[in-house]
Amino acid sequence: MSETTIYGHHPVAEAIRAGKGVEKVFFQQGLRGEMEKEFRHLTRDFEIPLAVVPKEKLDRMVRGAHQGVVAWLSAVEYFDMETVLAEVFESGKTPIFLLLDGITDVRNFGAICRSAVVGGVHAVVVPASGCAPANEEAMKASAGAMVKVKLCRVKSLVSAVDLLKSSGLQIVSTALGHRSKPIFEVDFKIPTAIIMGSEDVGVQSKLLRMSDAVAKIPQVSDFDSLNVSVAAGVVLYEVLRQRISG
């Protein structure tokens, strides 16, 4: 397993309270009482995915006395999105945020983070569930970029988009379709949050409806769309081109 694993009631609880990068918590199915309430509250308050699993799974994950709880520590630190946004505005920079919807492949996740660093993205925002883990494999695919970009984990991308819109950012989803316009026709010089979806499902419909624009990468054939990490690199290069050219 590429993640660092910790286990036991107090070690896991204290790691969460101390703000350690806890990637996921596994809790024993059937356990009730104060400990169950404690971890449900902790994982909710700190926006950490919680999986309720059979005792046998925990037994296979660790050899020690796990007391019904095991956790994976992330290879990176997570940041609060609202705090990062405020810091960007205070610095006088024009925000560019990248939101990942349903990106579950760790290699794509890592490669996107690498492009984000090169493209000047201020934060990569991921949901607490339904996203690839920030583990050592993702770190390797990013060539170390995951420690250079600010990763923000949120309970809901819908809520995150609400906050970003209310803060003055335009929301641009990437998708093929009749609503889509070429990325070259989108004004990326203003504060912007870009949403990239998975290759099979794409950006979820609610986020598309919330978007100010839907953009696509022009293609000269009807061949299947680009790999999402490649597409992210193309879109971010267009952002950089516009902002450099003024």
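Colleague: Hi! What relative accessible area does Q67 have?

Modeller: Q67 has 49%, so it counts as partly exposed. Buried means under 20% relative accessible area, exposed means over 50%, and partly exposed lies in between, with a 1.4 Å probe and protein chains only. Please note that this is a predicted model, where local features need pLDDT of at least 70, side-chain atom pairs count only at pLDDT 80 or more, and totals for chains, interfaces and linings use all residues. Residues are numbered from 1 along each chain as its sequence is written, and side-chain values use heavy atoms, with hydrogens and water left out.

Colleague: Thanks. Where is Q67 found?

Modeller: Q67 sits in the loop between α3 (55-61) and β4 (69-73). Helices (H or I, at least four residues) and strands (E, at least two) are DSSP runs, numbered from the N terminus. The phi of Q67 is near 60 degrees, a positive value in a residue other than glycine. Most residues other than glycine have a negative phi.

Colleague: And what is the phi of E47?

Modeller: For E47, phi is near 55 degrees, again a positive value in a residue other than glycine. E47 belongs to the loop between α2 (34-45) and β3, and with 25% relative accessibility E47 is partly exposed.

Colleague: On to sheets. In what order do the strands of the 4-stranded one come?

Modeller: The order is β1-β4-β2-β3, in an open sheet with mixed pairing. Two strands pair if DSSP finds at least two bridges between them. The edges are β1 (4-7) and β3 (50-53); each has a single partner strand, so one side of each is left without a neighbour in the sheet. On average, neighbouring strands here are turned by 25 degrees against each other, direction ignored. The axes behind that angle are lines fitted to C-alpha atoms, for helices over the stretch in contact, and angles run from 0 to 180 degrees between N-to-C directions.

Colleague: In which sense do β2 and β3 pair?

Modeller: Strand β2 (residues 22-28) pairs with β3 in the parallel sense over 4 bridges. F27 stands opposite V52 of β3.

Colleague: How many strands are in the sheet that holds β9?

Modeller: That open sheet has 8 strands, in the order β5-β8-β7-β6-β11-β9-β12-β10, and its pairing is parallel. At its edges stand β5 (78-79) and β10 (181-182), each with a single partner strand, so one side of each has no neighbour in the sheet.

Colleague: What are the links between β9 and β11, and between β9 and β12?

Modeller: With strand β11 (residues 192-197), β9 pairs in the parallel sense over 4 bridges. V172 has I194 as its bridge partner in β11 and stands opposite A213 in β12. Further along the sheet, 6 bridges join strand β6 (residues 96-101) to β11, also parallel.

Colleague: How many residues of β9 are buried?

Modeller: In strand β9 (residues 170-174), 5 of the 5 residues are buried, so the strand is largely enclosed by the rest of the structure. Q170, V172 and T174 lie on one side, with I171 and S173 on the other, and both faces are covered. In a regular strand the side chains alternate between the two faces of the sheet.

Colleague: New topic: how many disulfides does the structure hold?

Modeller: The structure holds 0 disulfides, a disulfide being a pair of cysteine sulfur atoms within 2.5 Å. For C113, the closest cysteine sulfur is in C131, 8.5 Å away and too far for a bond. C152 is in no disulfide either; the nearest cysteine sulfur, that of C113, is 11 Å away. C113 is buried at 0% relative accessibility, and C152 is buried with a relative accessible area of 0%.

Colleague: How many salt bridges does the search find?

Modeller: The search of the whole structure finds 12. A salt bridge is a side-chain nitrogen of Lys or Arg within 4 Å of a carboxyl oxygen of Asp or Glu. One of them joins R17 and E14 at 3.3 Å, N to O. These two are 3 residues apart in helix α1 (residues 9-17), which means about one helical turn lies between them. A network of salt bridges links E14, R17 and E38.

Colleague: How far apart along helix α3 are D59 and K55?

Modeller: D59 and K55 are 4 residues apart, about one helical turn, and their side chains meet in a salt bridge (3.0 Å, N to O).
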